[in-house]
Amino acid sequence: MAEAAPLLEVRGLARRFGGLRAVRGLDLDVQAGTIVALIGPNGAGKTTSFAMIAGFVRPDAGSVRFAGRDITGWVPERIAHAGIVRTFQITQPFAGLSVAENIRIGAFLRTRAPAAAMEQARALGSELGLAALLDRPAAALTVAGRKRLELARALAAGPRLLLLDEVMAGLTPTEVNDTVALVRGVRDRGVTILLTEHVMQAVMALADRIHVLAEGALIATGPPRQIAADPRVVEAYLGAGAAARLADG
Amino acid sequence: MTGAAARTRALALALAVLTLLPFASHSQFFVNLAMLTAISAALGQAWNIAGGFGGLTSFGHAAFFGLGAYADAILQTRYGLNPWLGLPAAAAFGGGAGWLIGTATFRAGLRGSYFALVTLAFAQAFGVLANSLDITGGGSGILVALHPGAGRFQFTDRRAGYALAVALLALATLAAWRLSVGRFGAHLLAVRENEDAARALGVPAVRVKSAALALSGALTALGGVLYVQSYLYIDPGIAFSAERSVEMLLVAMIGGAGTVLGPLLGALVVHAIADTTRSLITTPGVAPMLYGVVLLLIIGLLPGGVVRIAAVRGDG
Ligand SMILES: Nc1ncnc2c1ncn2[C@@H]1O[C@H](COP(=O)(O)OP(=O)(O)OP(=O)(O)O)[C@@H](O)[C@H]1O
Ligand SMILES: [Mg+2]
């Protein structure tokens, strides 16, 4: 049997903002059941790429295929129904709702009954360490709490492909370790993951494959060990202060 | 949380008892006052479904009220339909208009104050149309012939009018309560709180908002029918007045927008203040000013509405 077609196939994806070419021709495959990382210095175009895949930003060129279907130009809610759920780098809680109600909005994607959806939401929230905060308003959460809520809400929606945009930014080293274990657990349950992260040790620990973006263009693709040794990557990163970031851990 | 739930239930019970009181009264004056308050509460609740739960702050809900009123008046005077049929017809017109206005404006990405202006413009435009068309009787409006009797949907006993107002209030409050417990209502709140986050989780934002506006418009249009059947007259000024749009919004905001019981409390408070200032102060112009000041104070001091005094749950 031939190798299975990738779950996600991105071809020639491009987008400009005025004179700025934020993403210029991104090619990227994500095989089902794997964790793929999209990394690169600040402003490289990672969030814009995620936003195009999830339908929030319309690409100027290129295509996105998911599970054999061309989803280019679909609206976000339709893409979510198809099985791709994204998180937001700048967290976007439903501020006036409780933490449990936030997560339940995700659960409502696959579960129509309010009580059952709430039960799922509370169970998932507790699993992600939000048990004590479930009845608090989401607006009261700390940065770490909000990151966790983003993850919980997305997971509650039962995605086939999860797009994680810097869910570890601003977390303490312990929290990063917890989240790495959590993401691995999610993958083990059969969810495919595409993530972007500046916390390198997390990327190295998690990714099966890494794509490196700089100034909107893909400069390297490969397994973690190969990427870490790639002089083009080191160069792109050194300019952007990657050494300091690695030291901070 | 259980304390708040118990307080919510107590408040709901108190309000239910209060609605029953006028049935025992023989004072036409008192019953009339109660009817006006109940209509305000029902219209405020209808506004609340879009404006409170959905955050769709409309400044032109009179558009739906007027559509309902004219649908009812025209169908019976020009087409000889039984006025009871005005109810489903008005609901269809109000709901249809809400759906169309919603889809058009939300697809165009209009939100917040832009949406408020669009609704205001619709109410104004409908007023202009009603003033100039033949079928609406132009500026002189439509007079419905007096035919007292339940079969013709006309009642001489004011208590019957009050009962109909309470029925509409109950219907609108039932709808609001369903929103507070169901999936559609949760989607509506999610879109209100953060549209992008909601869409990322599969919530069809435009459809959800349009449906809420349709439901709100249908209920508001039913209020227009009750008006025509009580006063047997409608004209463009009454149907599409800015005052009515503002009152609907005020009742919901003063009571507590986005809560199930808020508009009921809001109608009580707004009517109490309006009637008290009017009867206490006879110098012309001062009463409305005082009324405005008191309402501003409430909005300033109680941003969540008077329902917060009872410390009920957010969804109470
Ligand atoms: N809506 C927008 N309008 C104009 N410019 C934008 C917009 N969104 C992103 N950009 C620009 O496009 C470039 C890519 O931004 P993007 O957010 O995709 O980068 P990123 O790789 O996610 O960066 P970071 O690591 O800082 O999150 C940046 O220069 C950014 O300023
Ligand atoms: Mg980013």
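Reply: What follows begins with the helices of chain B and then passes to chain A. The model is a predicted one.

Two packed helices are described by the angle between their axes and the distance between the axes. In chain B, helix 3 covers residues 62-77, and helix 5 covers residues 112-132. The axes of helix 3 and helix 5 of chain B lie 9 Å apart, at an angle of about 30°. Because angles under 35 degrees count as roughly parallel, helix 3 and helix 5 of chain B are described as roughly parallel to each other. From helix 3 of chain B, the residues B:Ala63, B:Leu67 and B:Tyr70 take part, and they meet B:Phe122, B:Ala123, B:Phe126 and B:Ala130 of helix 5 of chain B. This contact is made up of seven nonpolar residues, with no polar and no charged ones.

B:Gly66 also belongs to helix 3 of chain B. With a relative accessibility of 0%, B:Gly66 counts as buried. Leaving aside residues up to four places away in sequence, B:Gly66 touches B:Ala239 and B:Phe240. B:Tyr162 is 96 residues from B:Gly66 in sequence, and the two C-alpha atoms are 20 Å apart in space.

The crossing of helix 2 of chain B with helix 9 of chain B is left-handed. On the side of helix 2 of chain B, the contact includes B:Met35, B:Leu36, B:Ile39, B:Leu43 and B:Trp47. On the side of helix 9 of chain B, the residues met include B:Leu213, B:Ser216, B:Leu219, B:Thr220 and B:Gly223. In total, the contact between helix 2 and helix 9 of chain B holds 14 nonpolar residues, four polar and no charged.

Chain A has its own helix 3, which spans residues 99-107. Eight of the nine residues of helix 3 of chain A are buried, so this helix is largely enclosed by the rest of the structure. The buried residues of helix 3 of chain A include A:Val99, A:Asn102, A:Ile103, A:Arg104 and A:Ile105. Their cover includes helix 4 (114-127) and helix 5 (143-156) of chain A, together with helix 7 (183-193) of chain B.

Strand 3 of chain A, residues 35-39, is mostly covered, with five of its five residues buried. On one side of strand 3 of chain A are A:Ile35, A:Ala37 and A:Ile39, and on the other are A:Val36 and A:Leu38. Strand 3 of chain A pairs in the parallel sense with strand 8 (residues 192-196) of chain A over three bridges, and A:Ile35 has A:Ile193 as its bridge partner there. Strand 3 of chain A also runs parallel to strand 9 (residues 209-214) of chain A, to which four bridges join it; here A:Ala37 is partnered by A:Ile210.

A:Ala169 sits in the loop between strand 7 (161-165) and helix 6 (173-188) of chain A. At 25% relative accessibility, A:Ala169 counts as partly exposed. Beyond residues up to four places away in sequence, A:Ala169 touches A:Lys147 and A:Glu197.

Key: Residues numbered from 1 in each chain as written. Chains lettered and ligands numbered in written order. Predicted model: local features only at pLDDT ≥ 70, side-chain atom pairs only at ≥ 80, totals over all residues. Heavy atoms only, no water. Helix = DSSP H or I, 4+ residues; strand = E, 2+ residues; numbered from the N terminus. Buried < 20%, exposed > 50% of the residue type's maximum accessible area, 1.4 Å probe, protein only. Contact = heavy atoms within 4.5 Å. Pairing = 2+ DSSP bridges. Left-handed = near helix turned anticlockwise from the far one by under 90°. Nonpolar A, V, L, I, M, F, W, Y, C, P; charged D, E, K, R; others polar. Axes fitted to C-alpha atoms, helices over the stretch in contact; angles between N-to-C directions. Parallel < 35°, antiparallel > 145°, perpendicular 65-115°, else oblique.
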